[in-house]
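Biologist: Before I rely on any label in this model, I want to hear the rule behind it. Please take the contacts one at a time.

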Amino acid sequence: MGFRSHLSLFCFAFAWSLLIADTHQLQSSQTQVLLQLRKQLEYPPPLEIWNVHGVDFCSLPPSPTVNLTCENNFVTELKLAGDKALKGGYFEGFAVPNKTLSQNFSMDSFVSTLARLTSLKVLRLVSLGMWGPLPDKIHRLSSLEHLDLSSNFLYGSIPPRISAMVRLQTLVLDDNFFNGTVPNWFDALKNLTVLSLRNNRLRGEIPSSVNSVNTLSEVILSENEIDGKLPDLSRLRNLHVLNLSGNKLSSSLPALPKGLVMAFLNKNSFSGQVPKEYSQLNHLQYLDVSFNSLRGVPPSALFSLPNISYLSFASNMLSGSFPHDVDCSSKLGFVDFSNNRLRGSLPTCLSSKSGDLIVHSGGNCLSVDSQHQHAESYCLEIREVKQRGSGGKNVGVMVGVIGGGVVAFVLLASGFLILFTRYCSRGMSEQHLLRKPGLDDSEARFSSEILTSARYISEVAKINAQSLPPCRSFSFEELKVASNNFDETLLLGEGSYGKLYRGRLDNGMQVAIRCLPSRKYSIRNLRLRLDLLAKLRHPHLVCLLGHCIDGGVRDDPRINKVFLIYEYVNDGNFQALLSGNNPANVLTWSKRLAVLIGVARAVHFLHTGIIPGFFNNRLKTNNVLLNEHGMAKLSDYGLSVISGEIDKDGGDGEGPRSRQRRIFEDDAYSFGFIILESFIGPSIASRREEFLLNEMALLNRQDDGWQRIVDPFILTTSSRESLSIVISIAKKCMSFDGSRPSFEDVLWNLQYAAQVQATIDGEQK
């Protein structure tokens with residue numbers, strides 16, 4: 001830093017100190033500790049002001065990145081926030097350039113230095129790139145009341161000696177790599193009010209000792225690998241927030257305390273029914289039990305709880321009919337029980353179109369909204385199959401129920417003619433709700449009015465995407481630096497949507513840069529389209545980090561260079577992993593199902609999570625990427641919205657070639673081939689229509705047919721019942737009789753297949 005900068009810092013610090021009355025200098029020993037911490041953190045820029053000679057650290061004004069509080073010349077609060085990226089990429093426990101502190105950093109030495117701040121009550125060290133195991137000596141901070149070490153690279157077990165920090169009220173270790181079992185010593189922390197261990201790799205069961213910490217008001221253990229039975233939590237009378245989403249819990253739903261306000265129990269394997277006792281939770285405002293294996297009908301009284309505003313039962317195995325005498329609370333604003341097997345009619349308070357209540361009910365067998373419902377017989381038959389599946393019996397009924405469309409495949413040529421006739425006359429289908437006859441496809445579906453008023457309707461998607469970074473604008477110079485001036489050695493691939501380069505931003509984050517093909521774009525329309533694409537945030541979508549608009553001439557409203565910047569997902573694509581070229585990375589059937597479920601969730605969100613929906617996303621296995629945790633992420637979605645493609649086969653975009661192309665770009669049809677590749681292999685990608693004509697019928701014969709075309713590894717490792725369910729839904733996705741399933745239906749069947757497989761795997765163990 002130059003002389004002028006030092007002088008400015010000194011003047012600022014001196015002027016501020018004059019405003020503080022009766023300020024006493026921090027003890028020299030405390031000052032030396034702070035300077036040592038600054039050195040160990042490798043001189044982060046926000047702490048540059050500590051380098052000004054003679055500055056009273058206690059008198060410095062707080063900022064979003066540095067906050068220091070003192071009492072009696074001792075440091076009592078230390079809050080530092082860095083700019084190191086949240087965990088991303090594969091972390092093996094060693095220093096990572098530009099993400100963690102250097103290999104010279106020692107977490108053990110750092111904590112030893114911290115322990116010399118003997119009066120410290122609040123410690124918050126976030127996104128500083130600290131890495132390594134958290135040492136047991138952390139308990140030496142015996143005065144500590146609030147500890148937050150989130151968004152670093154800490155791993156190993158959570159130190160047992162934290163149990164000796166009896167004054168601790170808040171323990172936050174979110175977004176790290178802790179990989180031991182859930183600690184069983186929480187009962188020693190009698191003053192603990194907030195326990196947050198979100199997004200780590202913790203495993204094992206939640207210990208019953210949690211029940212003894214009556215002071216707890218928030219328990220957040222989401223996005224881990226916690227399994228087993230959940231203890232009775234009803235004794236935690238002060239608990240207001242419980243978040244256990246994204247784990248592997250497989251018990252029945254737990255008893256909950258009567259004072260609970262928010263409960264996130266989604267994305268687990270909870271079974272049984274929603275307890276009637278939940279109807280007594282008069283303080284409950286938010287309940288999410290979606291993506292589990294719950295059965296029956298939710299208790300009617302849940303809908304009339306005095307404070308309830310949000311209920312989600314989506315993607316379970318609910319069945320039966322609602323009673324007619326259901327009352328709804330005046331505060332209820334969102335209800336989702338889509339993708340189940342409910343029958344009958346909706347209660348009046350849920351079917352009314354008045355007010356601000358949003359109700360999602362698609363994918364059931366209800367007598368409302370017939371466009372998005374199955375026939376009642378479908379729910380009854382599926383229920384029978386599920387009962388058989390639970391007993392491990394044969395799957396003949398399942399094949400008979402959802403094996404429709406075989407005749408259409410045998411008579412494929414006739415099917416094409418029927419489809420063309422129906423497709424032309426179908427009008428505003430679900431896939432083209434926003435299309436207006438006679439207009440360009442892209443402009444009609446995404447008009448300026450729609451683009452500017454586009455809004456989310458999926459609250460679940462909002463919550464799941466809260467940790468994703470916001471989309472921003474990049475300069476062309478930033479991209480040139482990040483990609484080494486678009487060096488060809490960094491080229492990842494090239495296709496109809498332009499070249500894709502790997503790059504690295506100034507903060508060390510790896511990115512993928514998509515260079516869209518040159519054409520004249522209207523700036524106003526393009527920005528509207530980019531804003532719409534930026535709203536797409538979902539855990540199973542490759543995150544769009546930003547965009548760059550470059551190349552326009554001054555005063556020219558049209559430009560020709562557009563770049564999209566995405567997160568870099570570096571653990572390979574689904575097609576490569578299915579090829580079997582690397583035996584060490586062969587995906588088991590369960591893992592393949594997990595990938596398919598992730599993609600189905602992403603596409604379901606693209607269809608329903610935002611208005612207008614995103615359809616025709618050109619789904620392919622090489623666009624399905626896997627991150628370091630094996631989590632599927634869909635790439636290259638929604639690019640047709642930006643490119644504004646116009647079908648050139650017909651003057652109005654409705655020529656025969658156009659219609660045929662739309663048939664094969666339908667998301668359900670494309671996803672059907674992704675499913676086929678998951679159990680046959682990637683070779684099918686190059687012979688799609690040939691396979692339909694010559695080999696598809698083999699899937700109807702479990703013995704010789706399956707032996708001829710299904711990957712032998714899948715035949716020997718998968719459950720016949722699970723595989724049969726997946727084959728059936730794949731055939732429905734590629735049917736030509738107008739009965740392709742919604743992605744709610746696809747998702748439900750895949751989750752059921754995964755559950756069947758998990759049951760078989762558990763029995764074999």
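Modeller: Asp745 and Arg341 form a salt bridge, with their closest N and O atoms 3.2 Å apart. This is a predicted model, where local features need pLDDT of at least 70, side-chain atom pairs count only at pLDDT 80 or more, and totals for chains, interfaces and linings use all residues. Residues are numbered from 1 along each chain as its sequence is written, and side-chain values use heavy atoms, with hydrogens and water left out.

Biologist: What makes Asp745 and Arg341 a salt bridge?

Modeller: The term requires a side-chain nitrogen of Lys or Arg within 4 Å of a carboxyl oxygen of Asp or Glu. Asp745 and Arg341 have their closest N and O atoms 3.2 Å apart, so the pair meets the rule. By this rule the count comes to 12 salt bridges.

Biologist: How do you know that the charged end of Arg341 sits over the ring of Trp748?

Modeller: The test asks for NZ of Lys or CZ of Arg within 6 Å of the ring centre and within 35 degrees of the ring normal. For Arg341 the distance to the centre of the Trp748 ring is 4.0 Å. The charged end of Arg472 likewise sits over the ring of Phe474, 3.7 Å from its centre.

Biologist: Why is Arg472 called partly exposed?

Modeller: Arg472 has 39% relative accessibility, so Arg472 counts as partly exposed. Its salt-bridge partner is Glu478, at 3.3 Å between the closest N and O atoms. Glu478 is partly exposed too, at 29%.

Biologist: How many aromatic pairs does the structure hold?

Modeller: There are 17 aromatic pairs. One of them is Phe264 with Tyr286, a tilted pair at 4.9 Å centre to centre and 35 degrees between the planes. Phe264 lies in strand 15 (residues 262-264) and Tyr286 in strand 17 (residues 286-288), 22 residues apart.

Biologist: Why is the pair of Phe264 and Tyr286 called tilted?

Modeller: Rings of Phe, Tyr and Trp (its six-membered ring) pair if their centres lie within 6.5 Å; planes under 30 degrees apart count as stacked, over 60 as edge-to-face and the rest as tilted. The Phe264 and Tyr286 planes are at 35 degrees, so tilted is the word that applies. Phe264 is buried at 9%, and Tyr286 is buried at 8%.

Biologist: What makes the pair of Phe476 and Phe486 stacked?

Modeller: Their planes are at 25 degrees and their ring centres 6.0 Å apart, so the pair of Phe476 and Phe486 is stacked. Phe486 is buried, with 14% relative accessibility.

Conventions: Helix = DSSP H or I, 4+ residues; strand = E, 2+ residues; numbered from the N terminus. Buried < 20%, exposed > 50% of the residue type's maximum accessible area, 1.4 Å probe, protein only.
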